[in-house]
Amino acid sequence: MLPSSIQISGEPLSGAEVRDICRGLRDNAVRLLSLRGCRLCDRDFGRICRALAGATSLAQLNLNLGVVSSPSRIKQLAEALRTNRSIQSLFLHGSPLTDAGLALLNPALALHPALVALDLGDCMLGDEAINLICGLLPPDGAKSGDHVAGMLAVAVASSRTLEVLDLEGTGLTNQSAQTLLDMVENYPTALRSLVLAENSISPELQQQICDLLSEGEEEEEEVAGGPGDTQERERARQPAAHQRGSSSWTGPSDPSSQMVLMTSGLGDSLLAETEM
């Protein structure tokens, strides 16, 4: 069975739901787990942490909006991250971590071999926490294309207006492409064209991304109008491109988006370095 996603938002989790989540993690059947704003007891939170510690398929973990709500939960998450080797993106936006909580998480974050995207916005962090976060960055300030792609995927997933993204010749690899593929597959976005030419990405992965973008566009067209104007829309359609040369584009940002990329001080420096 191929890994799938579990996405629950703002709901109280029952014991049965927690058991299903843990079973999916233990069976390596979950690639994306999002429990954004969900309410569960400490015992069930601990059960999920123990299950995700050994999960090898889990790539994205979203515990935004107060799921990690106490020092004991921070410790349990840190223990899980010390063992887990698969998580690439960790979202903790809106969690009351404080400097003390991040100090508990920091050793596990620093040693994690796969983590490339970390959202700590609105986590009540001060100067001490920012210093710890800076210590997680490469000492020479250089970041690989894969590192930036992981953070960029968070921003793209939150946008409802960005339709074209040109990443031609930006040093991306199959790891980046897999992160972007997960984003396109699991998050409803307005993205229609993603340019990945001149990168070290396999043609198969590029085609998978292109096919998913094309499917999303076709679904939108079916909803927008009846069969009478299908041919007209087909002629007007621009291909979901990953072809070389289409590097000119504009994409307005979405000021109402609730998902923030690495805010609370750190995000500005990361985005500034990316633009350089």
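Predicted model: local features only at pLDDT ≥ 70, side-chain atom pairs only at ≥ 80, totals over all residues.
1. To find the pairing by eye, look for Leu32, whose bridge partner in β3 is Gln60. Between these strands the chain passes through α2, and the β-α-β crossover from β2 to β3 is right-handed.

2. Now turn to strand β1 (residues 4-7), which also pairs with β2 in the parallel sense, here over four bridges. A handy landmark is Gln7, with Ser34 as its bridge partner in β2. Helix α1 (residues 15-26) carries the chain from β1 to β2, in a β-α-β crossover that is right-handed.

3. Is strand β2 mostly covered or mostly open? Strand β2 (residues 30-34) is mostly covered, with four of its five residues buried.

4. Next, the helices. Helix α2 (residues 42-53) packs with helix α3 (residues 71-83) at an angle of about 10°, and their axes lie 8 Å apart. Angles under 35 degrees count as roughly parallel, so α2 is roughly parallel to α3.

5. Which residues make this contact? From α2 come Asp42, Phe45, Gly46, Cys49, Leu52 and Ala53, while α3 brings Arg73, Gln76, Leu77, Ala80 and Thr83.

Terms used: Residues numbered from 1 in each chain as written. Heavy atoms only, no water. Axes fitted to C-alpha atoms, helices over the stretch in contact; angles between N-to-C directions. Helix = DSSP H or I, 4+ residues; strand = E, 2+ residues; numbered from the N terminus. Parallel < 35°, antiparallel > 145°, perpendicular 65-115°, else oblique. Contact = heavy atoms within 4.5 Å. Buried < 20%, exposed > 50% of the residue type's maximum accessible area, 1.4 Å probe, protein only. Pairing = 2+ DSSP bridges. Right-handed = clockwise from strand over helix to strand, strands pointing away.
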